[in-house]
Amino acid sequence: MLMAATPKTVLNNNWAAATQTFTAVLNPFLTAQVDADVAQQPLHDAMTYTLASGGKRLRPVLAFVISQLGSAALSAQDFLFPAGAIELIQTYSLIHDDLPAMDNDDLRRGKPSNHIQFGEAQAILAGDGLLTLAFSWLARAPFNTAVRIAMVQALADAAGPAGMVAGQSQDMADTGEDITDTALHQLVANKTAQLITGAAEIGALAGQLTVSQRAAVRDFAWALGQAFQIRDDILDVIETTAELGKTAGKDAAEHKNTYVSFYGLAGARQQLQAALMAARAAWTPAVLASLGFAAMPAVLADLIQQLEE
């Protein structure tokens, strides 16, 4: 259990320690709350199968870390419904991504994909259940009405037809097609960066950050999301299926538009470094001073370091 007296010490941790600390509270909550909310057993089993199968929990942990930057004294318990909602959206997107009509992948996190385990229909419904339950959880978050509405708006914008779903649609439409660098950047922005940015925005709302502080958080998260996808594109080429926990080389086999297919491996690595540089640059001296820091919080600096290939 996270000690209520020391939540802000997460800012001084490395990323692995911050993840371990918060997920020690988040993971049992995810299981218990889905148990409480989903009575239909086949649906429950399919939803929890992928939700409980591990994963980095990058987005909810990032949201919690960002919440600790502000003036609000938030504990991990205070933030479980918003963090859980973010992870429900992420998990639904993975289940649907793996479907035969989309990426057609039989493996996720080293285990059979949801549709392999439960069938396509149940996998689709599990994703639908996770997606809609996410907004129920935000509605139950222990914040005032204005903050909860803003959180709902942030998550809907990030995950919906102006965000992640638009990126997934573009990915399907552009597969096997020649696209411009502008189109590639937009695809990645929508498919990956939007949800990471939305998660950070939810953390900023919970932490009561100022307008200028929230703008810096969005700039940081946007660049971080770009870096995360570029790194994923690179790893798909250089790592094995066992290392990835999903089918290696699938992007190239299916003629997906990625940073590696567009720029080559060396060029993708340069793009990764540029995105990481932009993430660091978001934390200007003025923004850091307004938050009471002389330098980027250690946990965020280490997260950027973890994305170095």
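1. Axes here are lines fitted to C-alpha atoms, for helices over the stretch in contact, and angles run from 0 to 180 degrees between N-to-C directions. The model is a predicted one, with a mean pLDDT of 93 for the protein and 96% of its residues at 70 or more. Over residues 1-6, however, the pLDDT is below 50, and this stretch has 5 contacts in the model beyond near neighbours in sequence.

2. Helix H4, which covers residues 80-97, packs with helix H7, residues 145-159, at an angle of about 15 degrees, and their axes lie 11 Å apart. Because angles under 35 degrees count as roughly parallel, H4 is described as roughly parallel to H7. The crossing of the two helices, H4 and H7, is right-handed.

3. By class, the contact of H4 with H7 has 7 nonpolar residues, with no polar and no charged ones.

4. H4 also packs with helix H1 (residues 15-37), here at an angle of about 75 degrees and with the axes 10 Å apart; H1 and H4 are therefore roughly perpendicular to each other.

5. The contact of H1 with H4 is made by Phe 22, Val 25, Leu 26, Phe 29, Leu 30 and Gln 33 of H1, together with Leu 80, Phe 81, Ala 83, Gly 84 and Glu 87 of H4. By class, the residues of this contact divide into 8 nonpolar, 2 polar and 1 charged.

Definitions and conventions:
Residues numbered from 1 in each chain as written. Predicted model: local features only at pLDDT ≥ 70, side-chain atom pairs only at ≥ 80, totals over all residues. Heavy atoms only, no water. Helix = DSSP H or I, 4+ residues; strand = E, 2+ residues; numbered from the N terminus. Parallel < 35°, antiparallel > 145°, perpendicular 65-115°, else oblique. Left-handed = near helix turned anticlockwise from the far one by under 90°. Nonpolar A, V, L, I, M, F, W, Y, C, P; charged D, E, K, R; others polar. pLDDT = per-residue confidence, 0-100. Contact = heavy atoms within 4.5 Å.
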